[in-house]
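Hi,

Here is the structure I promised to hand over.

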Amino acid sequence: MHFFKKFFNLKDDVHLMPNGEYKVCCPFPHKDLAGNEYMETNPSAHINPEKDVLHCKVCGKGWSEATLLSEVEGIPYKEALRTLHLMNQRGGQNWSQRH
């Protein structure tokens, strides 16, 4: 959960829903009916902290912390796993968003 918390800057008093999941905006652009890309402003994605997964209800995609890190940073999945392992050892301190 360290990566999700840092990536989305999660705060329990703002993003935590009564069911224990976090509600956030999808990190990737969606397309409208005309095919134009846009970044959503109303949260449609949910993070399940028990399963460490993110699911967007608009685009239907889902990510684990490793798959999201891999996609965001453009790194191989195995490298993302190593990065997350180091991050978890250091309490979430070794990743900074570069975009």
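Predicted model: local features only at pLDDT ≥ 70, side-chain atom pairs only at ≥ 80, totals over all residues.

**The core**

The largest nonpolar core has 22 residues. If you want to find its middle, start with the residues that have the most contacts inside it: Phe 3, Phe 4, Phe 8, Ile 47, Leu 54 and Leu 68. Six elements each supply at least two residues of this core, namely α1, β1 (22–24), β4, β5, α3 (65–73) and α4 (77–89). Of these, α1 gives the most, with four residues.

Leaving aside residues up to four places away in sequence, Ile 47 touches Met 1, Phe 4, Phe 8, Leu 10, Glu 21, Tyr 22, Val 24, Val 53 and Leu 54.

**The aromatic rings**

How many aromatic pairs are there? The count comes to five. One of them joins Phe 3 and Phe 4, with 6.5 Å centre to centre and 40° between the planes, which makes the pair tilted. Both Phe 3 and Phe 4 are buried. These two also belong to one aromatic cluster together with Phe 7 and Phe 8.

Another tilted pair is formed by Phe 28 and Trp 63, at 5.3 Å centre to centre with 35° between the planes. Phe 28 sits in the loop between β1 and β2 (30–31) and Trp 63 in strand β6 (residues 62–64), so this pair ties together parts that are 35 residues apart in sequence. Phe 28 counts as buried because its relative accessibility is 19%, under the 20% limit. Trp 63 is buried too, at 4%.

**The cysteines**

I also went looking for disulfides, and the whole structure has zero. For Cys 25, the nearest cysteine sulfur is that of Cys 26, 8.6 Å away. Cys 25 is partly exposed, at 26% relative accessibility.

Cys 56 is buried, with a relative accessibility of 0%.

**Around the end of β4**

Asn 48 is in strand β4 (residues 45–48). Is Asn 48 buried or exposed? It is buried, with a relative accessible area of 16%. A polar atom of the Asn 48 side chain lies 3.1 Å from the backbone nitrogen of Lys 51. Not counting residues up to four places away in sequence, Asn 48 touches Glu 21 and Val 53.

Asp 52 is not a glycine, yet its phi is positive, at about 55°. That stands out because most residues other than glycine have a negative phi. Asp 52 is partly exposed, with a relative accessible area of 26%.

Asn 9 is another non-glycine residue with a positive phi, near 50°. You will find Asn 9 in the loop between α1 (2–8) and α2 (12–15), and at 49% relative accessibility Asn 9 counts as partly exposed.

That is the tour. Happy browsing!

Note on methods: Residues numbered from 1 in each chain as written. Heavy atoms only, no water. Buried < 20%, exposed > 50% of the residue type's maximum accessible area, 1.4 Å probe, protein only. Polar contact = N/O pair within 3.5 Å; in protein donor to acceptor, adjacent residues only side chain to side chain. Contact = heavy atoms within 4.5 Å. Core = buried A, V, L, I, M, F, W, Y, C linked by side-chain atoms within 4.5 Å. Phe/Tyr/Trp six-rings, centres within 6.5 Å; stacked < 30°, edge-to-face > 60°. Disulfide = S-S within 2.5 Å.
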